[in-house]
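Here's a quick briefing to read alongside the model. Have the sequence and the 3D view open as you go.

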Amino acid sequence: MSNLHEPFQTLARQRNAAEFGIWIFLASELVFFGGLFTCYSVYRLLYPQGFLAAGAETNLIIGTANTAILLTSSATMAVAVWAGRAGLRRHVLWGLCLTAMLGVGFMVLKAVEYAEDIRKGLVPGAGFAMSERGAEIFFSFYWIMTAIHAVHLTIGVGAVSLAAWRLWRGALDWRGTAFLHVVGLYWHLIDLIWIFLFPLLYLLGRGG
């Protein structure tokens, strides 16, 4: 079976074109998140005490658990891509399924954390529970950045699940297919963004 499409003459060229396209997309995403991180840094300098107090209110246990989950999912995704290059269909399928399940696990924990934040009154707006100047700004960044990340993760889980389903049905050529490589690169972007979000949102205010 081949997933070669016109106007490409080889799977290698098709994969290179797809990877080039996803790298352009990833670069635009990094610029977008870079802007958010820059704004966060500016307000952190303006309201250091408020940001420290607010950072101490995030759930470090769930944040750490989700970090471990995403790092593990990055490894399973890498295994799936490697197995695709090696032509190991079963390993690709297991890698994709584990990656998708870990992604769902992340979202379940994040939903639990969101519910806790709402219960504690940590949603910016009327009824915000903290009085420190800048704390509400911190949680504005917290909700915006984690929600955008969650949207990206949801898309990633959908793409990984689609790849696994197509492979299971025999509709996907697992031997170096461009689709598998593109999904892998996108998934690693999700992990990379979280690696930056974790210290900014969960470790701040916990240095003693």
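This is a predicted model: local features need pLDDT of at least 70, side-chain atom pairs count only at pLDDT 80 or more; totals for chains, interfaces and linings use all residues.

Residues are numbered from 1 along each chain as its sequence is written, and side-chain values use heavy atoms, with hydrogens and water left out.

**The chain overall**

- The protein chain has six helices and zero strands, where a helix is a DSSP run of H or I with at least four residues, a strand is a run of E with at least two, and numbering starts at the N terminus.
- Read from the N terminus, the order of elements is α-α-α-α-α-α.
- Of the 208 residues in the protein chain, 43% are buried; buried means under 20% relative accessible area, exposed means over 50%, and partly exposed is in between, with a 1.4 Å probe and protein chains only.
- Take the contacts in the protein chain with a separation of 6 or more: 81% of them join residues 24 or more positions apart, a contact being heavy atoms within 4.5 Å.
- The protein chain has an accessible surface of about 10,500 Å², and carbon and sulfur atoms hold 69% of that. The areas come from the Shrake-Rupley method with a 1.4 Å probe, and for residues only the protein chains shown count as cover.

**α3 and its partners**

- Helix α3 (residues 60-86) and helix α6 (residues 178-203) have axes that come within 10 Å and cross at roughly 160°. Axes here are lines fitted to C-alpha atoms, for helices over the stretch in contact, with angles from 0 to 180 degrees between N-to-C directions.
- That angle is why α3 and α6 count as roughly antiparallel to each other.
- The contact of α3 with α6 has 16 nonpolar, ten polar and two charged residues. For these classes, Ala, Val, Leu, Ile, Met, Phe, Trp, Tyr, Cys and Pro are nonpolar, Asp, Glu, Lys and Arg are charged, and the others, Gly among them, are polar.
- α3 also packs against helix α4 (residues 89-119), at an angle of about 165° and with axes 8 Å apart, so α3 and α4 are roughly antiparallel too.
- In the contact of α3 with α4 you'll find 14 nonpolar, nine polar and two charged residues.

**α5 against α6**

- The axes of helix α5 (residues 135-169) and α6 come within 10 Å, crossing at roughly 155°, so α5 is roughly antiparallel to α6.
- By class, the contact of α5 with α6 has 21 nonpolar, four polar and one charged residues.

- Gly205 sits in the segment after α6 and counts as partly exposed because its relative accessibility is 34%.
- Gly205 and Pro48 are 157 residues apart in sequence, yet 9.6 Å apart in space, C-alpha to C-alpha.
- Neighbours within four places in sequence aside, Gly205 is in contact with Leu52 and Ala56.
- Glu136 is in helix α5, and its relative accessible area of 35% makes Glu136 partly exposed.
- From Glu136 to Gly50 is 86 residues in sequence and 8.2 Å in space, C-alpha to C-alpha.
- Not counting residues up to four places away in sequence, Glu136 touches Pro124, Gly125 and Phe128.

Note on methods
Angles under 35 degrees count as roughly parallel, over 145 as roughly antiparallel, 65 to 115 as roughly perpendicular and the rest as oblique.
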